[in-house]
Amino acid sequence: MSNELLKRIFSSIVLIPIIFFSIIKGEFYFKIMLIVLISFALYEWDKLVNQKIIKTTGFGFIFFVFILSFFLRNNYNSEIFLFLILICVSTDLGGYIFGKILKGPKLSKVSPNKTYSGMIGSYILSLLSGYFFLKLKIFEKIDEFLFELNNLEFVILIIIISSISQVGDLIISYFKRLAKVKNTGNLLPGHGGILDRIDGLIFAVPVFYLLILILKV
């Protein structure tokens, strides 16, 4: 097992309980977490991009997404937000595992490490995670929204979220490629920067919020 992978696993073991605690325990802790994340995300974006228009647009988008995250968690429930994070994390993890093991043709020149096998793995793991999250009834409140969906609708919802998460990853990878850097930062050992970890999530949040509004009509 590589030293980089060990760092990645250790960081995840430390970070995941903190994130879950902040989301579940209430508004105050969630606000603190968002403030910390947005501060680092804005700092990394500022260092990553030189073009003024793109940089300013990115600042506005990041602010918008974090505000939307606050409303998503508070207007509905923490379980909904955890479900979204689970799908995005599973997408990232599935792509990493399947891509490393199966390798195969490259998905895009934007991110040379991305492969078609990784993309398929992202969908497989996100679908499995979403299914067990719902069917095992880990969180009862989430049933109020998702339990009413039929199987096809549920699968389509997860595929959309996973797809947007993968696109978000590629977008940030594009800007890293332009800046000729491997990571957006070095805050998280084995992971890189904050933007490296939330690149898929920040694009999935607005789409997920819109899907909730549509499905609830």
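## Basis and terms

Helices (H or I, at least four residues) and strands (E, at least two) are DSSP runs, numbered from the N terminus. The model is predicted, so local features need pLDDT of at least 70 and side-chain atom pairs count only at pLDDT 80 or more, while totals for chains, interfaces and linings use all residues. Residues are numbered from 1 along each chain as its sequence is written, and side-chain values use heavy atoms, with hydrogens and water left out.

Ser90 has its place in helix α4 (residues 78-102) and counts as buried at 4% relative accessibility (buried means under 20% relative accessible area, exposed over 50%, partly exposed in between, with a 1.4 Å probe and protein chains only). Its side chain makes a polar contact with the side chain of Ser129 at 2.8 Å, where a polar contact is a pair of N or O atoms within 3.5 Å; within protein, one must be able to donate a hydrogen and the other to accept it, and residues adjacent in sequence count only if both atoms are side-chain atoms.

## Aromatic pairs

The structure holds 11 aromatic pairs, meaning rings of Phe, Tyr and Trp (its six-membered ring) with centres within 6.5 Å, where planes under 30 degrees apart count as stacked, over 60 as edge-to-face and the rest as tilted. The rings of Phe70 and Phe71 are edge-to-face, because their centres are 5.9 Å apart and their planes lie at 70°.

Phe83 and Phe133 form a tilted pair, 5.8 Å centre to centre with 50° between the planes. Phe83 lies in helix α4 and Phe133 in helix α5 (residues 116-135), so this pair ties together parts 50 residues apart in sequence. Phe83 is buried at 0% relative accessible area, and Phe133 is buried at 7%.

## Patch and helix α2

Helix α2 (residues 27-48) gives the largest share of the nonpolar patch, 6 residues.
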